[in-house]
Amino acid sequence: MNAAAHSGSVAPPAPGRGAAPLLELEGLTRRFGGLTAVDRCSFAIEAGRITGMIGPNGAGKTTIFSMVAGALRPSAGRILFDGEDIGGVPTHRLFHRGIVRTFQIPHEFGRLTVLENLMAVPAAQPGERLWPVWLSPRAVARREREVRERAEDALRFLTLWELRDELAMHLSGGQKKLLELGRAMMTSPRLVLLDEPGAGVNPTLLARLREMILELNRERGYTFVVIEHDMDFIASLCERVIVLSQGAVLTEGPMERVRRDPRVLDAYLGGDEENEGATGTGTPAGGDASRAGTAAGRAAGEGHGGALGAGATDPGESPP
Amino acid sequence: MEQQLYGIFLYGVFLLTMGGIYAVLTLGLNIQWGFTGLFNAGVAGFFAIGAYTTAIVTSAASERHLGGYGLPVAAGLVAAMVASAVIAWGVGRICIRLRADYLAIATLGIAEIFRLVLKNEVWATNGPRGISLIPKPFEHLPEPWNQVGMLLLVFAVVAVLYVLLERARRSPWGRVMAAIRENEAAARAAGKDVERLRIEAFVLGAALMGLGGALMAHHIKFIEPNAAEPVSATFLVWVMLVIGGAANNRGAVFGAILIWTIWSTAEILSARLPPEWAVKSAYLRIFLVGLALQIILQRFPGGIFRERRFRTAPSSSTREQPP
């Protein structure tokens, strides 16, 4: 693939690993009426890495994404991006600072073509203002050519080239997921938040999606945070995983360790030993486990987890 | 015989002039609804603002209403666009975040408020009796050249607007507006300042509605508050756009002329009926337009001219098929 062709001019140099974190959450909280969706959540994301975020449904993963991406205002706590508090900054401003998100349910521009879906993304398009369109069409056309080339490269990379003239509403669910990733490729993002990129994607496409994410990380230095229920997918992608339960960080660390953590099993399965294999083997049971997760997580929080659920009973302190 | 033909010719000129003025209004609504997905149910309000602005600015002095500035018609047209745009900007600042259905309710209400203000602020607008003797371009020319001159002026305006808006539609500006229409959250996530762009589309559309209102005032030489009735202004313009094809400028112009022709000829036919029928048949044309809407949308779900998107390869069929 020709991903490297872009990286020279567009990707910011990836800071050395172990440098100051790119994103830091400090006691981040979000309440919806009486429900606390995210409860004093604290963790850090290092630049240049792919970090996984897992947890049963209702654990607050997407809510955290929405706050980081500026779609929701935090009820309390801070979101530090590059050391600066970005809590409550509107989404379109954060985009220009390099934060790009994709959506759990694909948000395509349905009655635009696939190519147009990507061409609509880049910033600094003089043609998005009317006076240049009417008065200096040449400058507009020049930038438009650049944007089009970049979009065409992205479509080839995503293997959506053949569908470029199709209306996006006619794509399959999996193809729409790829298009979501493509939107992130149309800028030079510093932080890409992928919300369940693999949901509803068939295994072949999923394997390709994984290669694409790894390549974008390796070749262009994108920092990824990935929400996903497919444990094998996460394991093969991320060095570090953050586990959330009931809006708080339950634990974090490498996937192998997290997988064996009894608190994690507890959160997903309510401590049912017979199903222990589920988190291990991933895909098929993953959905079931997460469905059971919310109730199980609640049980853990109420002391059912006992000594094992230390992190869950006191979510304020994030485990090491 | 010759006189009859001449009458038909004059009627044709009148019909096309009105159709052209409606085309200006429909092109304005197309920016808001077709391009950007803004449900403006207050077309009549911006129409009225434009009509009254030019009436006040261009008419001769009168004790009955504000005015006496006697500016040329061109200045009146510009003033009408500016007035509509400024008011649309104020309305947009407050309402533009509303979802489509709520925006419709809000704009409908605002247009009614405008109409009531125009009806009741008698010192400025002469109230329900309206403003008459509005100057008409080319009126010093002999018949029929004065009428033909007006027709040519209206069509020149439509042609200029068509070229500008067609260029805008095909540009990244048109693309970003369509993106907002299709998925607001994704447009935001792509760094677009959705509020600012929506206001921009709203203001530009309203400016054209004001221009349409001003052209109408000069054409009829008279304006009164009932010209801003929701049925004759808002409803008719919506039908024109939906039938012609939203998001398609050609459709907007075509729909305006088609529907105005149906509307106008229905009036003539009903006028020929015996008087006891004529009153009832006034409602018949609303029925006729509704029927046309039904039939055309059954056969052409996206309007007669559908939205056309940029394609890298020319397609053999204009209809999109799912893969």
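**View 1. The packing of helix α11 (residues 249-271) of chain B in a predicted model**. The buried residues of α11(B) pack against α1 (2-35), α6, α10 (230-244) and α13 (284-299) of chain B. Among those buried are N249(B), F254(B), I259(B), W260(B) and W263(B). Buried means that 20 or more other C-beta atoms lie within 10 Å of a residue's own, with C-beta atoms placed from the backbone; 12 or fewer is exposed, and in between is partly exposed. Helices (H or I, at least four residues) and strands (E, at least two) are DSSP runs, numbered from the N terminus. α11(B) has 23 residues and reaches 33 Å from first C-alpha to last, close to the expected 33 Å. That expectation is 1.5 Å times one less than the number of residues.

As this is a predicted model, local features need pLDDT of at least 70 and side-chain atom pairs count only at pLDDT 80 or more, while totals for chains, interfaces and linings use all residues. Residues are numbered from 1 along each chain as its sequence is written, and chains are lettered from A and ligands numbered from 1 in the order in which they are written.

**View 2. The crossing of α11(B) and α13(B)**. The two axes come within 9 Å and cross at roughly 150°. Axes are lines fitted to C-alpha atoms, for helices over the stretch in contact; angles run from 0 to 180 degrees between N-to-C directions. I259(B), I262(B), W263(B), A266(B), E267(B) and S270(B) of α11(B) meet L284(B), R285(B), L288(B), V289(B) and A292(B) of α13(B). Contact here means C-beta atoms, placed from the backbone, within 7 Å. The residues of this contact divide into eight nonpolar, one polar and two charged. Ala, Val, Leu, Ile, Met, Phe, Trp, Tyr, Cys and Pro count as nonpolar; Asp, Glu, Lys and Arg as charged; the others, Gly among them, as polar.

**View 3. Strand β4 (residues 76-81) of chain A and its partners**. β4(A) pairs with β1 (residues 23-32) of chain A in the antiparallel sense over five bridges. Pairing takes at least two DSSP bridges. I79(A) in β4(A) is the bridge partner of L25(A). β4(A) also pairs antiparallel with β5 (residues 84-85) of chain A, over two bridges. There, L80(A) is bridged to D85(A). β4(A) and β5(A) form a hairpin with two residues between them. D82(A), in the turn, has a positive phi of about 60°.

**View 4. The contact of chain B with chain A**. Chain B gives 29 residues and chain A gives 34 residues. On the chain B side, α7(B) gives the most, with seven residues.

Definitions and conventions:
Contact = placed C-beta atoms within 7 Å.
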